[in-house]
Amino acid sequence: MPEDFPDQFDDVMDFIQATIRRLKRSPDKQMAVLPRRERHRQAAAASPESSRGKGRRGQRGRNRGCVLTAVHLNVTDLGLGYETKEELIFRYCSGSCDAAETMYDKILKNLSKNRRLVSDKVGQACCRPLAFDDDLSFLDDNLVYHILRKHSAKRCGCI
């Protein structure tokens, strides 16, 4: 059978392998497999009011407000033009990076405020993905195979 459709065979195999990887990291199994520290980190990200006042050891105030957040969505909800019933857990970075402001950032902000720089627009540190989740493979409603790359955050930080 692979001889009849050689181009489609590779796509189907990629799809099957990606689906198996996604099933292996399904949310039901994910919490049981994660180390206790990671489970605590995800629980704290899900309910930030419960972790107020507690310092995180080892981070020295950096990235304190920048956390990984997850939401269960349909691929169609992403707004990329795909019509499908396929679902995913979309992870994104949210929060502020004021604590990650360096001396350089403070100097730029002061120089900009005092109009000592040519440009008034000075970039601030922002909460962005540092790593991305595995590629997402799916079939749309027309049975067309798609792969989304760099679609969901895996780790967040202040950039």
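A residue counts as buried under 20% relative accessible area, as exposed over 50%, and as partly exposed in between. Keep that scale in mind as we walk through this predicted model.

Tyr92 has an aromatic partner in Phe90. Their ring centres lie 6.0 Å apart and the planes meet at 15 degrees, so the pair is stacked. Phe90, with a relative accessible area of 21%, is likewise partly exposed.

Two aromatic pairs are present in the structure. The other one brings Tyr82 together with Phe138: here the ring centres are 5.1 Å apart and the planes stand at 80 degrees, so the arrangement is edge-to-face. Where do Tyr82 and Phe138 lie? Tyr82 belongs to the loop between strand E1 (67-74) and strand E2 (87-94), while Phe138 is part of strand E4 (residues 136-139), so the contact ties together parts that are 56 residues apart in sequence. Phe138 has 0% relative accessibility and therefore counts as buried.

Now let's turn to the cysteines. How many disulfides does the model contain? The count is three. Cys66 is joined to Cys127, with an S to S distance of 2.0 Å, and the angle of 80 degrees about the S-S bond makes this link right-handed. Cys66 sits in the loop between helix H3 (36-46) and E1, and Cys127 sits in strand E3 (residues 127-132), so this bond ties together parts that are 61 residues apart in sequence. Cys66 is buried at 5% relative accessibility, and Cys127 is also buried, at 14%.

The next bond to look at runs from Cys93 to Cys156, again with S to S at 2.0 Å. With -85 degrees about the S-S bond, this link is left-handed. Cys93 is in strand E2 and Cys156 in strand E6 (residues 153-158), so to follow this bond is to step between distant parts of the chain, 63 residues apart. Both of these cysteines are buried.

Strand E6 also takes part in the bond between Cys97 and Cys158, whose sulfur atoms are 2.2 Å apart. This link is left-handed too, with -85 degrees about the S-S bond. Cys97 lies in the loop between E2 and helix H4 (103-113), and Cys158 lies in E6, so the pair ties together parts that are 61 residues apart in sequence. Cys97 has a relative accessible area of 6%, so this cysteine is buried. If you number the bonded cysteines of the protein in sequence order, the pairing reads 1-4, 2-5, 3-6.

For a disulfide, the two sulfur atoms must be within 2.5 Å. Cys126 is partly exposed, with a relative accessible area of 36%.

Finally, have a look at the surface. Phe9, Val12, Met13, Ile16 and Ile20 form a nonpolar patch there, and together they have about 390 Å² of accessible area. Val12, one of these residues, is found in helix H1 (residues 6-24). Its relative accessibility is 43%, so Val12 counts as partly exposed.

Technical notes. Residues are numbered from 1 along each chain as its sequence is written. This is a predicted model: local features need pLDDT of at least 70, side-chain atom pairs count only at pLDDT 80 or more; totals for chains, interfaces and linings use all residues. Side-chain values use heavy atoms; hydrogens and water are left out. Rings of Phe, Tyr and Trp (its six-membered ring) pair if their centres lie within 6.5 Å; planes under 30 degrees apart count as stacked, over 60 as edge-to-face and the rest as tilted. Helices (H or I, at least four residues) and strands (E, at least two) are DSSP runs, numbered from the N terminus. Buried means under 20% relative accessible area, exposed over 50%, partly exposed in between (1.4 Å probe, protein chains only). Patches are made of residues with over 30% relative accessible area and no salt bridge: like charges are joined within 9 Å, nonpolar side chains (Val, Leu, Ile, Met, Phe, Trp, Tyr) within 5 Å. Accessible areas come from the Shrake-Rupley method with a 1.4 Å probe; for residues, only the protein chains shown count as cover. A salt bridge is a side-chain nitrogen of Lys or Arg within 4 Å of a carboxyl oxygen of Asp or Glu.
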